[in-house]
Amino acid sequence: LQNAELGKRAPRWIRDNEVTMCMKCKEPFNALTRRRHHCRACGHVVCWKCSDYKAHLEYDGNKLNKVCKDCYYVIIGCTDSEEKKKKGILEIESAEVSGNSVICSFLQYMEKSKPWQKAWCVIPKQEALVLYMYGAPQDVKALATIPLLGYTVDDTPRSADLPHSFKLTQSKSVHSFAADNEELKQKWLKVIHLAVKGETPECQNELQVN
């Protein structure tokens, strides 16, 4: 399918037995660790890592479907080449996105069993479904980005030390965050609860008021 048709027409599915490796990252499939998944937009056979994205597909009544990374970026409107994307998506200056954001603040962040660290977190208006993480508010490159669509939100605190924490999970990726106070946590959750469903806040001012 051409880029313009992605999600609008059902793709031809490549059969499992037609490939021995992921059609995106080229990692070989094997019986144990690499299960085959189909991208519902382009029909390619991909590994779980490369299919860990979800997008609304027109041909399926705009329902959320599993798609590969490439199709995800085309469908949400980032059509840069793969190389540029890997480099470019993180290289947006923090000050630039913070100044035009839905919400931004410091949060404590933990991934897997690594220690908690402080990160400047931003959800920019022009990409209200992506959470950018910076080391500091003026950094010129993000440490990481999380496409929020399809994540599950768990807002029960994990420990007494961090009472204002919440967790985002999607298959094998788990991201834990903690705010300095309950009010800040609720502001973040308000935006994130919308983003995981593919929605954006109607009124940006609400976040400042409530």
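**Salt bridges, rings and one buried glutamine**

Asp60 is partly exposed, at 25% relative accessible area. On that scale, buried means under 20%, exposed over 50%, and partly exposed in between (1.4 Å probe, protein chains only).

A word on the source. This is a predicted model, where local features need pLDDT of at least 70, side-chain atom pairs count only at pLDDT 80 or more, and totals for chains, interfaces and linings use all residues. Residues are numbered from 1 along each chain as its sequence is written, and side-chain values use heavy atoms, with hydrogens and water left out.

Back to Asp60. Its side chain meets that of Lys63 in a salt bridge, at 3.8 Å from N to O. The rule: a side-chain nitrogen of Lys or Arg within 4 Å of a carboxyl oxygen of Asp or Glu. How many salt bridges does this rule give? The count is five.

Another one is Arg9 with Glu5, at 2.8 Å, N to O. Arg9 is partly exposed, at 45%. Glu5 is partly exposed too, at 27%.

Then Asp70 and Lys24, with the closest N and O atoms 3.6 Å apart. This pair links distant parts of the chain: Asp70 sits in helix H1 (residues 69-75), Lys24 in the segment before strand S1 (37-38), 46 residues apart. Helices (H or I, at least four residues) and strands (E, at least two) are DSSP runs, numbered from the N terminus.

Now the rings. The whole structure holds seven aromatic pairs. Rings of Phe, Tyr and Trp (its six-membered ring) pair if their centres lie within 6.5 Å; planes under 30 degrees apart are stacked, over 60 edge-to-face, the rest tilted. Tyr53 and Tyr73 have ring centres 6.4 Å apart and planes at 55°, so they are tilted. Tyr53 is in strand S3 (residues 53-57), Tyr73 in helix H1. Buried or exposed? Tyr53 and Tyr73 are both buried. Together with Tyr72, they form one aromatic cluster.

Next, Tyr109 and Phe177. Their centres are 5.1 Å apart and their planes at 40°, so this pair is tilted. It links strand S5 (residues 101-111) to strand S11 (residues 173-178), 68 residues apart.

Last, Gln170, in strand S10 (residues 165-170). Gln170 is buried, at 8%. Which residues does Gln170 touch, leaving out those up to four places away in sequence? Asp52, Leu149, Gly150 and Tyr151. Contact here means heavy atoms within 4.5 Å. The Gln170 side chain reaches the backbone oxygen of Gly150 at 3.4 Å.

Methods
A polar contact is a pair of N or O atoms within 3.5 Å; within protein, one must be able to donate a hydrogen and the other to accept it, and residues adjacent in sequence count only if both atoms are side-chain atoms.
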